[in-house]
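Trainee: Please take me through this model, one question at a time. I would like to see how each answer is reached.

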Amino acid sequence: MESFELIKKFGEKIGVNLTPDEDNVYTFEVDEMIVTFHVLPELEEIVLSGDIGEPPPEHLENLYKTMLESQYLFNGTAGATISLNSENNRFSLCKAL
């Protein structure tokens, strides 16, 4: 099954009409968080990414340590990657499928 068909079926299952933009990016909102599917046909992959929030102003050292530890061997992320978007200073969770 093609990536586009999988995304369409997913949208139908959750009751959302998913339509790609000119870059083959599908975007929708869940619980006030933006979720995006990026279709990469040249790699035969779909990348799922979601905004998971802005870091709080305090206790950043503990937060970043915990996040890095969860990334170690993907122990706490089930193969996804946590990153910080330098453009908006928000965290993102991303997984290639």
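Trainee: What covers the buried residues of α2?

Mentor: Helices (H or I, at least four residues) and strands (E, at least two) are DSSP runs, numbered from the N terminus. Buried means under 20% relative accessible area, exposed over 50%, and partly exposed in between, with a 1.4 Å probe and protein chains only. Contact means heavy atoms within 4.5 Å. With that in hand, the cover over the buried residues of α2 includes β4 and β5.

Trainee: What pLDDT do local features need here?

Mentor: Residues are numbered from 1 along each chain as its sequence is written, and side-chain values use heavy atoms, with hydrogens and water left out. This is a predicted model, where totals for chains, interfaces and linings use all residues, side-chain atom pairs count only at pLDDT 80 or more, and local features need pLDDT of at least 70.

Trainee: Within what arc do the buried residues of α2 fall?

Mentor: The buried residues of α2 are M67, S70 and Q71. Seen down the axis of α2, they line one face of the helix, because they fall within an arc (taken from the directions from the helix axis to the C-beta atoms) of 105°.

Trainee: Which exposed residues sit on the face of α2 turned away from its buried side?

Mentor: An α-helix has 3.6 residues a turn, so residues three or four places apart point the same way. On α2, the face turned away from the buried side carries the exposed residues E61 and L68.

Trainee: How far apart are the end C-alpha atoms of α2?

Mentor: The expected span of a helix is 1.5 Å times one less than its number of residues. For the twelve residues of α2 this gives 16 Å. The model agrees, with the end C-alpha atoms apart by 16 Å.

Trainee: Is T77 buried or exposed?

Mentor: T77 lies in the loop between α2 and β4. Residues up to four places away in sequence aside, T77 touches S70, Q71 and I82. Its relative accessible area is 12%, which means T77 is buried.

Trainee: Which residue's backbone oxygen lies 2.7 Å from a polar atom of the T77 side chain?

Mentor: A polar contact is a pair of N or O atoms within 3.5 Å; within protein, one must be able to donate a hydrogen and the other to accept it, and residues adjacent in sequence count only if both atoms are side-chain atoms. At 2.7 Å from the T77 side chain, the backbone oxygen is that of A80.

Trainee: Which residues is Y64 in contact with, beyond four places in sequence?

Mentor: Y64 lies in helix α2 and is partly exposed, with a relative accessible area of 29%. Leaving its sequence neighbours within four places aside, Y64 contacts P55, L84 and F91.

Trainee: Which residue in β5 does L84 stand opposite?

Mentor: Two strands pair if DSSP finds at least two bridges between them. β4 and β5 run antiparallel and are joined by five bridges. In β5, the bridge partner of G53 is F91, and L84 also stands opposite F91.

Trainee: Which residues of α1 are exposed on the side away from the buried ones?

Mentor: S3, I7 and G11 are the buried residues of α1. They cover an arc of only 75° around the axis, which puts them on the same side of α1. These buried residues pack against β1, β2 and β3. On the other side, the exposed residues are K8, E12 and K13.
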